[in-house]
Each structure stands twice: as structure tokens, then as C-alpha cells.
Amino acid sequence: MQEIKKYVEDNKQRFLDELFELLRFPSVSADPKYKGDVLKTADFVAQKLKDAGADKVEICETAGYPIVYGEKIINAKLPTVLIYGHYDVQPADPLELWKTPPFEPTVRDGKIYARGACDDKGQFYMHVKAFELMMKTNTLACNVKFMIEGEEEVGSANLGIFVKANTERLKADVVLISDTSMISMENPSIETGLRGLAYMEVEVVGPNRDLHSGVYGGAVANPATILCKMIASLHDENNHITIPAFYDKVVELTDDEKKALNSAPFDLTEYKEDLDIKADWGEKGYSTLERTGTRPTLEVNGIWSGYIGEGAKTVLPSKANAKISMRLVPNQNSDEIAAIFTKHFESIAPDYVKVKVTAHHGGEPVVTPTDSVAYRAAEKAIEDSFGKKPIPTRGGGSIPIVALFEDVLGIKSVLFGFGLDSDALHSPNEKYDIYNYYKGIETLPLFHKYYAELSK
């Protein structure tokens, strides 16, 4: 541990400078205008893997953005760790809510503010620097493979194709992922499950053109009003989702599982203060930790219609749109949920509008084992680094590729994240603590060490 700490201390400014350079690339995969920047980011990642000591570094083309692959095989008899991450980021909008430019990383109070600081550039780059550390100190204990993609934020559509076409190249014993969070640095944790995702877009169309709201208002149905009513009907008075068959495959937690989950440190007052809300909200009969980790949800991610520019324009819009995501729990299937959502949303449309439902992307929920060699290695690494045993938790987010790794490669993942739920992922002023960044670089080599030892 002392050797690890010394290497980090001797190189900490360089580690930070390199991360800042990575964060300056506006690698927004959802917006075609950033295509050149996304490709430059892939080049940067590939070069840094080479600099760190990886062999066979390749920028692998796909039908979308490329996947950066690299490896270091030191001994075929040793276990192999496949490290996954993504170099693309969410759009930075709305830009006016950022205190400092989203692609000009800024440090305030020991935190790095930039789009992608935590999700996932700061987290996957910890692995690159931890790998460099192990190479330079001759302490690499496992074979390592890197697979860093550029389309996670838009559904990883081409990663599945790449994985299926490269099963031999990607052959490994475990997948190590840092794209999740801990409870806190004082209460380290390891996520042992992720929710799945079904992401939909709906369009409600009324008249064949925008209308004068004075001439036609009250006589023609307003698609914006109808859409809002339809969306509101998707939850009942207990905030339970009303779509028929939505909960059919959801398994309730046992009393022991509920007790274990709710034993994690959580202060509802602090939670509300952090978000500046007066009260929490959610499905009746469940705690906040249960709602965010073990219950399915349905949320409106965006809604638009009519005139939203400066000043006034008295218009009855021709159509209204919304993007809706559903987080799924074990036993639910994203294709099945997308299908029953579509059927239900079409069925509740009144005759005076037409409805179109489009399924965008999805992913399956996963639960990772806590009795595996890999989990025990992660547990020991955190215990050494933090001085206390990590708490197993369930994550509310989705990483669709985790289920694919299990199905195609036949290997489990360890969700070894160092972010915090308060890091404003996908929001303005995303941040990542410098302390967490360095702590990750210190802790990851210990995982490799213990994984090799426990695998014997």
C-alpha cells in the first residue's frame, strides 16, 4: 500500500492534468455535431492506454462510434480482468445552469466540475492510471483487457454486436466496471445490482396544423393537454404504475433483504435538503432506498409542444411529444415492458388524437453475486484502502451491457464505482471529488492483487 500511495503522490498532478485534458473533449454521442470530438476522444484514450503499457491497442470501428481495446497478458495461467468503461458523455444542456463551462474542468472545494467528470471519464480513467501504476512498479498481478466504448449514453447499440463478434478476444474471468457510486467515502459500498431500462418516445397528434387558440380553443382537443392527462394516468394515487401486467414478474424483497438494504446509512432530512425539496415522493409502502434500488419506476425525461420561445404566441399545437423511461428490476424484460407500455398507451388515447409510440433502447436488470472470488477481492481491496468493510447496496441506474456480458461471455461483473449519488450525473454542474479519483487509483491495484491471490 505504501508503494501505491507513493506512486500516486509522485504523479498526482500529472494524473489530474491528463484527466482534465480528457474532460475537455465534448464527446457527446447523442448529438451528431460532436462527431469529430467523440472520435478525437477515442484517439486520446487509445494513446493513453499505449503510454500506460497496454499491448495490441486498437480503435475498433463499429457502425457508430469506435470501441477502444487494449490488453496486457503477462501469464496465460493468471486470471484475466476485463475492464469496461465509456468515453462518451451526456449532452450538457441546459448550458445556462452551469456555473462554469461544462467542457472546461474547474476545481471548486476539492471537486472537479465538468461534464463526464464522474460519468464516466473520471471513473474509467482511474483504471488507466492504476494500470500504469502496476506496470511501472512491476506489481501487475492479473492479465488485463480494456474495452472502452463511445455509445453508452445512447444505448450501446453497437457494443453488443462487437462483443458477440469478439468472444475469444474478450475472454476473461471477470468484468470490472467503475460507472457506479458509493454511499460516501466514510461509508464505502459496492453495488450488487442494477436496474434495467426501457426507453420510449411518445407522440400525440391532434389537428393537421397548429391552430389559433382563440378561434379553435374549446372546440378542438389540445394534444399537449391530452398528453399530460395520459401521462398522469400512468400512476395512481399511491404512485403505483397503472400499466396492466407491469408488475407481474416483479419479486418482492424478503423481510431479511429489506432489513439488510435499509441498514445502509441514509438520512432523509439530508437527502431532501440536498435536493431542496420539502418532501420525498414515491410508491407507497416502500422506503427511499427500496424505491431507488429495488422497485421499478416510470419517469418523464422530457416533454415538449407548441410555442416555448420568448413572449407570447396564442397557439393550439398540432402535436405534443414526451420521452419516458422505465427502470426495471430482476425478472422484468425490457422488450416485454416496451411492448406492454406501447399497447397500454395506445389503448388510453381518446378518439380525438392519434398516438405514435417508439421504443428507443433498453437493457436488462442484473444482480451480481456477493460470494464470488471477484466480489471478495473487491471487498478486501476496499477494506485495506478505506479501513472498513464495504456495504453491499443496490444501484438505481442501468448499465445494459452488464447483462450482455453474462449472456454472451458467460462472466459476472463487479460494480466498483467511486462516484457519489450527489455528483449530479446527467445534470448541470456534474462533479467528481479529486479525493475519490485518487482513492480509486490507490484501491484498484489492490483488487488485482487480491483477485490473483484468491483465484489460486
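Modeller: Let us begin with Arg14 and Glu18, which both lie in helix 1, four residues apart, about one turn of the helix; helices (H or I, at least four residues) and strands (E, at least two) are DSSP runs, numbered from the N terminus. Please keep in mind that this is a predicted model, in which local features need pLDDT of at least 70 and side-chain atom pairs count only at pLDDT 80 or more, while totals for chains, interfaces and linings use all residues. Residues are numbered from 1 along each chain as its sequence is written, and side-chain values use heavy atoms, with hydrogens and water left out.

Colleague: What makes the pair Arg14 and Glu18 a salt bridge?

Modeller: The term asks for a side-chain nitrogen of Lys or Arg within 4 Å of a carboxyl oxygen of Asp or Glu. For Arg14 and Glu18 the closest N and O atoms are 3.0 Å apart, so the pair counts as a salt bridge. Glu9 and Lys12 form another, at 3.5 Å, and these two residues also lie in helix 1 (residues 2-23), three residues apart.

Colleague: Is Glu18 called buried or exposed, and why?

Modeller: Buried means under 20% relative accessible area, exposed over 50%, and partly exposed in between (1.4 Å probe, protein chains only). Glu18 has 9% relative accessibility, and therefore counts as buried, whereas Arg14, with 32%, is partly exposed. Lys12, at 29%, is likewise partly exposed.

Colleague: Which residue of helix 3 pairs with Glu18?

Modeller: Lys129 forms a salt bridge with Glu18, the closest N and O atoms being 2.7 Å apart. This pair links distant parts of the chain, since Lys129 lies in helix 3 (residues 121-136) and Glu18 in helix 1, 111 residues apart. Lys129 has a relative accessibility of 2%, so it is buried. Salt bridges that share partners join Arg14, Glu18, Lys129 and Glu132 into one network, and a search of the whole structure finds 23 salt bridges.

Colleague: Why is Asn321 called buried?

Modeller: Asn321 has a relative accessible area of 6%, and so it falls in the buried class. Asn321 lies in strand 15 (residues 319-328), and its contacts (heavy atoms within 4.5 Å), leaving aside neighbours within four places in sequence, include Leu227, Ile303 and Trp304.

Colleague: What joins the side chains of Asn321 and Glu203?

Modeller: A polar contact of 3.2 Å joins them. The term covers a pair of N or O atoms within 3.5 Å, where within protein one must be able to donate a hydrogen and the other to accept it, and residues adjacent in sequence count only if both atoms are side-chain atoms.

Colleague: Why is Pro350 called partly exposed?

Modeller: Pro350 has 21% relative accessibility, and so it is placed in the partly exposed class. Pro350 lies in the loop between helix 10 (334-347) and strand 16 (354-363), and it touches Ile226 and Met230, not counting residues up to four places away in sequence. Pro350 and Ala221 are 129 residues apart in sequence, and their C-alpha atoms are 9.7 Å apart in space.

Colleague: How do you know whether Phe266 is buried or partly exposed?

Modeller: Its relative accessible area is 36%, so Phe266 is partly exposed. Phe266 lies in the loop between helix 7 (255-262) and helix 8 (268-275).
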